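Hello,

Here is the structure for you to take over. My notes follow below.

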Amino acid sequence: MPQTILEIDQLKKYFHIGKNKRGAIFVRAVDGVSFTVDAGETFGLVGESGSGKSTLAYTVIGMYKPTAGQILYRGQSLGVEAGRRPLALKKELQIVFQDPGSSLNPRQTIRQILEVPLRLHRRELKKSELEQTVIELLQKVELSPDYMYKSPPSIGGGEKQMVGIARALAPNPSLILLDEPTSALDVSVQAKIISKLIELQAELNLTYLFITHDLSLMRNVATRIAIMYLGKICELASASEFFQHPMHPYTQMLLSSVPVVTAEEERMKPKKVLSTGEIPSPVNIPPGCSFHSRCSEKSRPCTVDDPGFIEVSPGHLVRCHQFPTDTSAVFDEREILHRQEPGPVPFIAPLVDPFSGLVEGRTSDE
Ligand SMILES: Nc1ncnc2c1ncn2[C@@H]1O[C@H](COP(=O)(O)OP(=O)(O)OP(=O)(O)O)[C@@H](O)[C@H]1O
Ligand SMILES: [Mg+2]
């Protein structure tokens, strides 16, 4: 029975960006997201630019305080910024950032960069052991010991990202959030980084929350996939179920534009591009289903009611009015998450949404 390592429950992160005559204006970057990640899996979180993927990752890692909702690591609450989390918990969750260039201090040597998490999280290491541990970390990502003396501006993008991965590995974490770790890199380097990540996962027993906009990458890497749109999950399924039976019109839109290689992939690919257009601003999310403004399948309820999750087959969740409207078929998300994981259910405090009277609206005073 797989063990839940991370549980995200109705997580919200809103950014206050100003006010107009009707009150404060917020960007609803993450707007009620729930899912669980099992130990050892690669959970793929996929969405277009601006869908809230990085905000979700930064909230889980503790760079942002959640607006509402719960984050649990092996049942322990992480609902505060990293500075207020116990060190032993902080060590377990690490992140690899999207842009390896800006995530490494250009004025430090690679040795200094890697020593920061070692000094913080591996205090058992003696001063004399630090250098050897840095060399071992570099070896894990196939960089030679002489990289210790280099600084980020003097090495390539792929090498910088390898250092970013080594830094994430330094505390010996269990879970690594990979925020588009290859999107800023050349295609040839991307493949090398991905295969290294897969190798490290097996070698070190790691769990990945893999964030990307590249669905084709997830075909070979993810165990489960969630699609994020305007701060919400609209579909979640195991990777095989996801590619065989994509249900949400948005998923079908994304899949119809994914290049295929094999005849089998061609057979499974949705034939019609169902939707077009740009993702709306998260400051001005349309009422009803947030995807309705781009959805060619929309009907009247889609413009009025935000659909809940429907479990269309075991573990396959879709948030769309096209599926059974019988309310008995609409499950409570928390109930589904826990039903997959029998055993003790961690206490989850009642959620208070401080933004229930929130003004949705415009970006400027009008
Ligand atoms: N600190 C912030 N203050 C205000 N708005 C923010 C902030 N950070 C992100 N946003 C907004 O939140 C929304 C989600 O942004 P986020 O960076 O999480 O998206 P993303 O899915 O990671 O996009 P990308 O694929 O481009 O990295 C965007 O509209 C973005 O402009
Ligand atoms: Mg991002």
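Start with ligand 1. α1 gives the most to the shell around ligand 1, with three residues. Please note that this is a predicted model. β1 (4–20), β2 (23–38) and α1 (53–61) each contribute at least two residues to that shell. There are 14 residues around ligand 1, and Phe 15, Ala 29, Ser 49, Ser 54 and Thr 55 come nearest. By type, the shell around ligand 1 splits into eight polar residues, five nonpolar and one charged.

Next, the sheet. Four strands form an open sheet, in the order β2-β1-β4-β5, and the pairing is antiparallel. β2 and β5 (76–77) are the edge strands, each pairing on one side only. Two bridges join β4 (residues 68–73) to β5, in the antiparallel sense. Leu 72 has Ser 77 of β5 as its bridge partner. In general, strands of a sheet pair through backbone hydrogen bonds, either parallel or antiparallel.

Last, Tyr 147. The residue sits in the loop between α5 (127–140) and α6 (157–169). Is Tyr 147 buried or exposed? Tyr 147 counts as buried, because 22 C-beta neighbours lie inside 10 Å and the cut-off for buried is 20 or more. Leaving aside residues up to four places away in sequence, Tyr 147 touches Ile 110 and Leu 138. Val 134 is 13 residues from Tyr 147 in sequence, and their C-alpha atoms are 9.9 Å apart.

Over to you.

Best wishes

Conventions: Residues are numbered from 1 along each chain as its sequence is written. Chains are lettered from A and ligands numbered from 1 in the order in which they are written. This is a predicted model: local features need pLDDT of at least 70, side-chain atom pairs count only at pLDDT 80 or more; totals for chains, interfaces and linings use all residues. A residue is near a molecule or strand if its C-beta atom, placed from the backbone, lies within 6 Å of it. Ala, Val, Leu, Ile, Met, Phe, Trp, Tyr, Cys and Pro count as nonpolar, Asp, Glu, Lys and Arg as charged, and the others, Gly among them, as polar. Two strands pair if DSSP finds at least two bridges between them. A residue is buried if 20 or more other C-beta atoms lie within 10 Å of its own, exposed if 12 or fewer, and partly exposed in between; C-beta atoms are placed from the backbone. Two residues are in contact if their C-beta atoms, placed from the backbone, lie within 7 Å.
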